[in-house]
Every structure is written in structure tokens, then in C-alpha cells.
Amino acid sequence: MIQTLRKPRWLRALAGAFVFMLACVWLGQWQLGRYEHKQAKVRAIDRNYAAPAVPLRELLPTTTTGVDDQTLWRQVRAEGRYDPNPLLVRNRPRDGERGYEVVWPLRLTDGSVLLVDRGWLAAGEGAASQLPAVPPAPTGPVTVTGWLRWGETDLDKAPARGQLASINYTIAQEQISGPVNHAYLVLAAENATKAGDPATGLAAPPGPDRDQGWNNMSYFGQWWLFGLVAIAMVLYAARREHLEEQRAAGGLPARPVTPKKVRIWDEEDE
């Protein structure tokens, strides 16, 4: 068997299978990391979501303090005034309908800006280039409560003025004057009006995603299994060739000849 595996073509096949196995191990580890990340997020939701609201600066003392597992989906309270114009986050379908998340910059009393997801707005029947009319936000001082979230991934798409490809505070900063907090708020209520109230003209923003990552754990096992199967297939094929060589050299008895099964219609023809 070892002599067969030393042949150049089997060495190449084994090397290829080994490289494939390493790739499978890496992909499996990546899926395991995704599973662990989602599990940590669900634990943070379970721990934080129902906690009472606290002042924003109690959890995020500076504008550059980011959200972590201890503050994700914690409810906070902040005061300020909404900017005149919102930012529409594109490609946010809901129940099969095109729409936008309406993110409104809230200027806090300390001069910084907090992005507030006030809710969802249907795109309407017009073309994608025709933006829907956005119901106005409250004017004057407003007290908001809502849940903290870390910013979304930068999708590397240049948005039109007044729009965002994702709720990313770094990209939003390009369209907003003043420092933007490194977190955004999913609105629960503003003054005495709850998010999603018909008076706002918006559907409530989405709640927490409780995906626990079991699919990722399944993919982790599958990738590792694929890597082992690749090695096993090469070894099995090499062993078959080794046995055939042994039979050809007389070291092993020839394969027994299996008699051909006579089919019923063949018997009828005789």
C-alpha cells in the first residue's frame, strides 16, 4: 500500500486531498465562529432586552464608545431634537413588500448625534427611484427610549444623498454634521408615543434576531466531514489499485467470477 501511495500521481492526489481538507477545516472553524457569535448575541438579548431604561451616557460614556455584549439590546433614554431630514435605509423588504428603514438623526443635548431607527416605511407602487413621502418626526425637544445596537456592516455601496445602504454610523457621518455616536437606537417610544403607533405613519422597527446559529454548527460538522471524506476517497482508490497489482503479480487470488444472472425473459427465449 505504501509503495502504491509513493507513485507521483497518488502523491499529487493525496496532496490535493490534504489541501482540500485544510480548506474544509478553515471553513468549519469559520462556521463555528459564526455559531459562537450568534450564541453570544442571543445570550446578550436574553440578559439585556427586558432591563429598564437607563440614561444613554450611563452605558456609552463617550460618542466613540461602541456597543458590546454587555450593552447590546439594552434599553436607554436620551433627549434631543430630530434633524429636519431622515436617512432612508434601502432594501429592507417586509412581508414581501419593498420598503425602507427610516433612520432619523437625533441631536442630543451634548451636541452629538444618535441615529434612531424610528420604523419601517413601504416603498409604494412607484419606481425604485421615486422615494415615498416620509411622515415627519416630532419637532422640538423629544425624549426617546429604545434599544442599543452596534452599527451594521458597511456594504461598500455609495448611497444617494439622504439614503444609506446599511445603518452604519461611519457612512452616516459623511452626511451629518457633528460627531455621530458609535451605536444606533431601535426606537421603543418617543415622548408618550410608542414606536409603530399609527400616529407616526411608520411600522415598528424590527425586534431582535434570535438566530442561535444551529445551521452554522451543522455546517461546521459537514465541512470537517467533507475533508475527511476527501482523504478517505484517495486512500480507498489507492488501496484498490494496490490490490489489483497484487492479484496481477500472483500475490493474491483472482477475484471470483460472479455468474451472470439469467433473466426471466432470457429463459423464455431458450
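1. A cavity, on a 1 Å grid over the protein atoms alone, is a set of points where a 1.4 Å probe fits but cannot get out; lining residues have an atom within 4 Å of a point. In this predicted model, local features need pLDDT of at least 70, side-chain atom pairs count only at pLDDT 80 or more, and totals for chains, interfaces and linings use all residues. Residues are numbered from 1 along each chain as its sequence is written, and side-chain values use heavy atoms, with hydrogens and water left out.

2. The whole structure holds one cavity of 30 Å³ or more. Its lining is Asp 154, Leu 155, Asp 156, Lys 157, Pro 159, Ala 165, Ser 166 and Ile 171. By class that is four nonpolar, one polar and three charged residues (Ala, Val, Leu, Ile, Met, Phe, Trp, Tyr, Cys and Pro count as nonpolar, Asp, Glu, Lys and Arg as charged, the others, Gly among them, as polar).

3. The largest pocket (an open set with protein on both sides within 12 Å along at least five of seven lines) has about 220 Å³ of space. Eleven residues line this pocket; Arg 34, His 37, Lys 41, Arg 149 and Asp 209 are the closest to its centre. Helix α2 (residues 8-48) gives the most to the lining, with five residues. Six of the lining residues are charged, four nonpolar and one polar.

4. The second largest pocket has about 190 Å³. Its lining divides into six nonpolar, three polar and two charged residues. Among them are Asp 83, Pro 86, Leu 88, Pro 105, Arg 161 and Ile 176.

5. The largest nonpolar core has 46 residues; Leu 56, Tyr 82, Val 144 and Leu 148 touch the most other members. Strand β8 (residues 180-190) gives the most to this core, with seven residues. A core here is a set of buried Ala, Val, Leu, Ile, Met, Phe, Trp, Tyr and Cys residues joined through side-chain atoms within 4.5 Å; buried means under 20% relative accessible area (1.4 Å probe, protein chains only).

6. Tyr 82 has contacts (heavy atoms within 4.5 Å) that include Trp 104, Pro 105, Val 144 and Leu 187, not counting residues up to four places away in sequence. A second, separate core of seven residues includes Ala 17, Met 21, Ala 230 and Ala 238.

7. Helix α5 (residues 214-248) has 35 residues, so at 1.5 Å a residue it should span 51 Å; its end C-alpha atoms are 51 Å apart, which agrees. The expected span is 1.5 Å times one less than the number of residues. Helices (H or I, at least four residues) and strands (E, at least two) are DSSP runs, numbered from the N terminus. Buried residues of α5 include Phe 220, Ala 230, Ile 231, Val 234 and Ala 238.

Terms used
Points joined across faces, edges and corners; volume = space filled by probe spheres on them. Buried < 20%, exposed > 50% of the residue type's maximum accessible area, 1.4 Å probe, protein only.
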